[in-house]
Amino acid sequence: MQICIHRGAKEIGGSCVEVISNGKRLIIDLGLPLDAEKNDEKYLPDISGFDGNDDSLLAILISHPHLDHFGLLAHINSKIPVIMGADARRILTEASRFLPGNWPIPANGLNLKSEIPIELGPFKITPFLIDHSGYDAYALMIEADGKCLFYSGDFRIHGRKAKLTEKLIANPPENIDVLLLEGSTLGRLEIHESFPSESDIEKKLVDTFTNTSGLTLVHTSSQNIDRIVTIFRACKKTGKTLVIDLYTAVMLEATGNKNIPQSDWPEIAVYIPQSQRIQIKNNKWFDLLKKHSRNRIFIEKLQEISTQSILLFRPLHIRDLEKVNLLNNAVYVYSQWEGYWEQDSYSYLREWLTKHNIPKVSIHTSGHAGPSDLKRFADALRPAKIVPIHTFMPDKYKELFNNVQLYADGEYWEV
Ligand SMILES: [Zn+2]
């Protein structure tokens, strides 16, 4: 089995790995680099077959529905099968209508089901559902030529689904030749440090919700389903109503999981911001709106219940909130990676908060395992070799592990 990391050997985001056996090929992830200004074809790795005219390329596997793992699907031929989780596929497909730019709809292909192997040409692919901030995320084991590659994907052990990663640690596959191990947190966290859990986040949210006398705006990704569950639980504990928009309602439904809060649950209200109303009208999404209208409220009601509400904030709410002045004593909770906050794309939001004198509180935890959990994971899997991926600090691996091998982007190597 031959491997090439096309992107990710020394960066977070844009992961892409090619696996070759007996003249057949698989691609694992086809992500957009984090520093890409827009989703442009120019970032596509130089790999044969993306035009759909090379039969040696059997499929593209997508480990989880984050842009830095699937974004470049936008630029390849839809004849190439895309293998991913069914829930993740539904989330991406449903999200596409709301999101501008080159948001790809994955092509058809087999669905990953945890611990159910897929035989494809010379490859045997076994997915393992894993804890991550992205929904329906998998680690992938690829076997061919009597060799075994394990791709960790992006994972953690401190989220709402920590049990999934713990299960893998308790019953690890044997005889792994190579572990391609993500290391997002190396260089960001010292070895003895660890991240708060989603339960810790829930407690902090409960405190903030309790101590806010105006409307609480919580800004997170509508696709970070674990976080929305955490926010919902904090709402229930404090007797608050969670107010969501249509996009969030659709994302929650797309999980296909009835245990995840839905727009028709009594503790939830649906408020459609003005700009989304225009979007609905222009695109004639009336059935979609109707489907999520059971708990629909309008601006007057939101004013009335503002002190008892948690608004799952998106920047498209800004104009509505200003118009009727829902901002007295409001608090803004930032619940995403702090790195995004510093970027230019958020400067308008920083200015908006200052203009209205709205305090910002950061309540977040990482989607990625800290160094000690990476070590626990790798120690359990006992690979012959560990190869860094999805990290800015490949050199740090040697401080944690004694069987590290570094490869450059674009270098082909034998397992
Ligand atoms: Zn990633």
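Colleague: What coordinates the zinc ion?

Modeller: In this predicted model, the zinc ion is held by Asp68 (OD), His69 (NE2), Asp154 (OD) and His390 (NE2), at 2.0 to 2.2 Å. Along the chain these donors follow the spacing D-H-x84-D-x235-H. Asp68 sits in helix 1 (residues 67-70), and His390 in the loop between strand 19 (385-389) and helix 14 (397-400). The two are 322 residues apart.

Colleague: Why is the arrangement around the zinc ion called irregular?

Modeller: The 4 donor atoms subtend angles of 87 to 170 degrees. Tetrahedral would need all angles between 85 and 135 degrees.

Colleague: Why are Asp68 and His390 called buried?

Modeller: Buried means under 20% relative accessible area. Asp68 has 11%, so Asp68 is buried. His390 has 1%, so His390 is buried too.

Colleague: How do you know that the buried residues of helix 12 lie on the same side?

Modeller: The buried residues of helix 12 (residues 347-355) are Leu349, Trp352 and Leu353. They cover an arc of only 95 degrees around the axis, which means they share one side of helix 12. The face turned away from that side carries the exposed residues Glu351, Thr354 and Lys355.

Colleague: Why does Trp337 count as partly exposed?

Modeller: Trp337 has 33% relative accessibility, so Trp337 counts as partly exposed. Trp337 lies in the loop between strand 17 (331-334) and helix 11 (338-341). With Leu34 and Tyr340, Trp337 makes a nonpolar surface patch of about 260 Å².

Technical notes
Residues numbered from 1 in each chain as written. Predicted model: local features only at pLDDT ≥ 70, side-chain atom pairs only at ≥ 80, totals over all residues. Heavy atoms only, no water. Patch = residues over 30% accessible without salt bridge, like charges linked within 9 Å, V, L, I, M, F, W, Y side chains within 5 Å. Areas by Shrake-Rupley, 256 points an atom, 1.4 Å probe, with all protein chains shown as cover. Salt bridge = Lys/Arg side-chain N within 4 Å of Asp/Glu carboxyl O. Helix = DSSP H or I, 4+ residues; strand = E, 2+ residues; numbered from the N terminus. Buried < 20%, exposed > 50% of the residue type's maximum accessible area, 1.4 Å probe, protein only. Donors = N, O, S within 2.8 Å, 3.2 Å for Na, K, Ca; no water. Tetrahedral: all angles 85-135°; square planar, octahedral: opposite > 155°, others 65-115°. Arc of directions from axis to C-beta.
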